[in-house]
Amino acid sequence: MLPEALLIARKDLKIEMRSKVALGQVAPLALLILVIFAFALDANSMLLKLGAGGLFWISALYGGTMLVQRSFDLESEDGNFDALRMSNIDPSAIFLGKTLALFVQIGILELVIGPAILILYETQVSDWLLLLLAAVAGTLAFAVCGVLWGVMASGLRVRTTLLPLLLVPVLSPVLLAGSRAFETALGVRAGDGWTWTGLMFVIASLHTAVGLGAFGFLLEEG
Amino acid sequence: MTSAKGRSVKMTATPFTRALGFLALAAVAVMALLGLVVSPPDVVQGEAVRMLYLHVPAIWIAYGSFAVTSVSSLLFLRRGKRREDKGRHYDRLGGAAAEVGVLFTGVTLITGMLWGKVTWGTYWQWDARLTTTVLLFVTYLGYLALRRLPADPVVRGRRAAIMALISFINVPIVHYSVDWWRTLHQKASLSVGRRPEITGEMYWTLLYSAVAVTFVAVWLVTHRYRVIRLEEIRDEEMLTALISQRVSQDLPPVSDGDFDE
């Protein structure tokens, strides 16, 4: 299953490398959102510093949702899902492969937003390990949920509006946990950032289990 | 209207559902009497406690409805393939129960906000119970949106069923949020294995209200199930009529271009 998953991931990443949508379009938009937050908060450096963790995840949520949308639009166009089904690849491998590709793409997006938060909002990292693991856990949960709900909305005419409606409530706990963990890692809130990081890993594991079991059903006749 | 099997279907009511409807109406009238007149005001909450006779049963019914949706979704996924009708009745039951669940979650939120204004002095608090309940509400709104999409009914039903199963994870999170996190919301009034927080007339009024609201919910689910079936029959008949019309007009076959958006 793993070689097939890597094959799917490589396919998605190769398309992304050629089109450069994540870096060329989504990342600049996510940066723009960070700037707009500063306008909304009247460039109050204290407020921006306090809210930096949450603003990071909101910006990642917005950009990441677009990446999920694109990941499934690529498959829906020209009936690529039918081709994947006929290729006899295990649906679980497709699920894992798309999750891995999305994890890398959202990760790249976060590598752009992260330094921007540190520079624009004048924040300082007090716990690098927590910050890194929280980012990995949040991105993993985002990617897994994104693939699971992305396939749910794929191939439907109203997918563009439906996907955020389905995805955002599911990702809200990730948003909350990610924000709290980042606030601790950035030294603006005393608290147990590790518990919140653990919660994100639990959410990711739960959705991975559901995804591995249900992806075949969702692909079938999709 | 005539069903696919030739049976005439004209309305959603039967003698049983009419009787159930009258029973539900009478039960709600008695509930209002018990809740507003017979039961005493609370020592701490005063008259605001009366709101709980609707607020608490409403969320119980919502949990129950979402549980029905999950079980019928599971049956739809497991047994649907083997049945001639693809298990559509499970899908219908899941949809009808989810609609009622969303309705009662809405009732819970509204009554809770009114109670909060009187007791806490504010309609809304960013408290774990309130926030998770809103997320539950929005998640199932998404489920209902997915069910309304124009797509093949079986494919749509399958996606909705999986979504229902995942969404149900939220229910225990909402219920136990008051135990897992520090919240402003009070602990559960009644809970298995724990002494009830209320006693006497208030306790019995709350239990009776749960029964009365259950009658209303069952009545609503039954009607919604039948309305969904009628909608399906209407769609099938419209499709059959359009095909007949096309055949009788002897029009050329449809090309791929006809479906371009």
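**Reading the terms in a predicted model**

Just after α7(A), G187(A) takes a positive phi of about 75°. This is a predicted model, in which local features need pLDDT of at least 70, side-chain atom pairs count only at pLDDT 80 or more, and totals for chains, interfaces and linings use all residues. Residues are numbered from 1 along each chain as its sequence is written, chains are lettered from A and ligands numbered from 1 in the order in which they are written, and side-chain values use heavy atoms, with hydrogens and water left out.

User: Why is I113(A) called buried?

Analyst: Buried means under 20% relative accessible area, exposed over 50%, and partly exposed in between (1.4 Å probe, protein chains only). The relative accessible area of I113(A) is 0%, so this residue is buried.

User: What does I113(A) touch, beyond residues up to four places away in sequence?

Analyst: A contact is a pair of heavy atoms within 4.5 Å. On that basis I113(A), a residue of helix α5 (residues 91-120) of chain A, touches A30(A), L34(A), F56(A), S59(A) and A60(A). Its C-alpha atom is separated by 18 Å from that of G187(A), 74 residues along the chain.

User: Where does helix α7 of chain A bend?

Analyst: A bend is the angle between axes fitted to the seven residues ending at a residue and the seven starting there. For α7 (residues 159-185) that angle is about 45° at L171(A), and P173(A), a proline, follows within four residues.

User: How many helices and strands are there in chain B?

Analyst: Helices (H or I, at least four residues) and strands (E, at least two) are DSSP runs, numbered from the N terminus. Chain B has seven helices and zero strands.
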